[in-house]
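Work through the following exercises with the structure displayed.

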Amino acid sequence: MNFIQTRGCDKNRPQSVTFSEAILNPIASFGGLYVPESLPELGEEFLVKHLNSSYKELASDMLGRFEIDIEKSVIDEALKLYDKFDNPSNPVPVVKVKENLYVSELYHGPTRAFKDMALQPFGAVLSSIAQKRGEHYLILAATSGDTGPAALETFKNRANVQVACLYPDGGTSDVQRLQMVTEDGKNLKVIGIRGVFDDAQNALKRLLASDEFKSALKEKNILLSAANSVNFGRIIFQIIYHIHSYLELVRQSAITMGEKVYLNVPSGNFGNALGAYYGWKMGLPVEKIIISSNENNVLTRLIKTGKYDLRNSHVVSTTSPAMDILKSSNVERILYDMFGYERTKDLMGDLESKNFYELSATELSELQKSFDADFCNGEEGKKYINTTFYKDGYLMDPHTATCMKSYETCSKKDVKSIIYSTAEWTKFSPVIANALTGEVDAEDIVALESISKESNLEIPAMVKGLFSKPIVQKSIIEKEDIEKEILKFL
Ligand SMILES: *Cc1c(COP(=O)(O)O)cnc(C)c1O
């Protein structure tokens, strides 16, 4: 299967490209994105077939249906990376919290957040393509705290790839920072920037577009790519766990095969939610996809009013920082799927030039057939963390907690809900400690201990170990010096 472009084709590029091309060069004509020409139809037959399959068997069969230009042996090798998760035979446990409410835990990988679900196999596939082509890549990653550790972990010591990871110094939790600055792979460079996440992301976009930077790389025989979720190579791995979570509910006799469920997704760049939407289109029985946000609630406003409005909007810092985002890149793939490339090109053009677009009434009702949404502020989120823990005995992180609000406001209670948990409590411990015991401004190490005592949950060894590992990545620089610093490393 080939991949086509959300804003149409500018004639300088081929009309369609292979999967390999789409992941090595993720930006398409007119600044658009790549999407599959069509989605494989799986239907109930596929679900029945995989009722008793392992995660890897399910994944291998689903990926095979896409007929991409990657050999099955490479894919199966990449899927073996799920063996690094806490429970290799079930990397994504689905846990009942209370009547009709289930949590799908996507954080049991090596860096304790859901980015591992896609980045682990993605790293293996990308390195394999680079080797086969005899090319060398520099992968840029800008992170607010979860993508960075996951990208470093997956590309560490892999052939034909180097990584430069940019993070805002002082803008991440201690655990997130230590996960990055203690990474010692020879092909990894971690750079702290005196600034905020947007500075890191703007630097990344500038470098991706800079001919000067690219020709400096070319002299060293290096090509440039990026590991963020505009890359379809990440999205394809994010369809699998939605199907898996549904099958888990059938296995647990919580639902019967064919029964519809809500998928409730804490959303930022909309990659996770897009995976749910594609899963639905491929045959998963879904009642609706519910999009949960924090105070940066552009997605709630889009789904409730049809307006994507960034005029007078600026990002605010919240207790769920991985969702502090205004330009949610993967919404574009939904626009394309529902309204076609001409309309998508117009709408995205309006967003870029006017910071605003508005769907027509019929388009909005089309969108609302698939999605509903609500947002949850930090104080409400902490209350949900507290009550879900003390009443239902379930501990959740601040991103997952945003789903509790939309679960209450957007879903019919006799329909089962799966909410997706995107991070382990260990990554955001100061907020959680505050929610549980009221302690304020604790350092991570103190907060981890007090949550552990309160909840009887153990701090995983990989998190505890971070505090005594040597710090090997020491660069903290001004944002003007990023390019120089990267070239020095290469
Ligand atoms: C990245 C991330 C999200 C947002 O996921 P998207 O796919 O970008 O919508 C939510 N929660 C956590 C903890 C994350 O790391």
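The model is predicted: local features need pLDDT of at least 70, side-chain atom pairs count only at pLDDT 80 or more, and totals for chains, interfaces and linings use all residues. Residues are numbered from 1 along each chain as its sequence is written, and side-chain values use heavy atoms, with hydrogens and water left out.

**Exercise 1.** Describe the salt bridge between Arg65 and Asp61.

*Solution.* Step 1: recall that a salt bridge is a side-chain nitrogen of Lys or Arg within 4 Å of a carboxyl oxygen of Asp or Glu. Step 2: in this pair the closest N and O atoms are 3.0 Å apart. Step 3: locate the partners. Both belong to helix 3 (residues 55–65), and because they are four residues apart, about one helical turn separates them. Helices (H or I, at least four residues) and strands (E, at least two) are DSSP runs, numbered from the N terminus. Step 4: classify accessibility, where buried means under 20% relative accessible area, exposed over 50% and partly exposed in between (1.4 Å probe, protein chains only). Arg65 is partly exposed at 32%, whereas Asp61 is buried at 16%.

**Exercise 2.** Determine which parts of the chain the salt bridge between Glu71 and Lys132 connects.

*Solution.* Step 1: the closest N and O atoms of Glu71 and Lys132 are 3.1 Å apart. Step 2: Glu71 lies in the loop between helix 3 and helix 4 (72–79), and Lys132 in helix 5 (residues 115–133), so the pair ties together parts 61 residues apart in sequence. Step 3: Glu71 is partly exposed, with 46% relative accessible area, while Lys132 is exposed at 55%.

**Exercise 3.** Give the strand order of the open six-stranded sheet and identify its edges.

*Solution.* Step 1: the order is 3-4-14-9-10-13, with mixed pairing; two strands pair if DSSP finds at least two bridges between them. Step 2: strand 3 (94–98) and strand 13 (371–375) are the edges, since each pairs on one side only. Step 3: inspect one pair. Strand 9 (residues 261–266) and strand 14 (residues 417–421) are parallel over three bridges, and Tyr262 stands opposite Ser417 in strand 14.

**Exercise 4.** State how helix 17 is placed on the sheet.

*Solution.* Step 1: helix 17 (residues 398–410) touches strands including strand 3, strand 4 (101–105) and strand 9; contact means heavy atoms within 4.5 Å. Step 2: its direction makes about 140 degrees with that of strand 9. Axes are lines fitted to C-alpha atoms, for helices over the stretch in contact, and angles run from 0 to 180 degrees between N-to-C directions.
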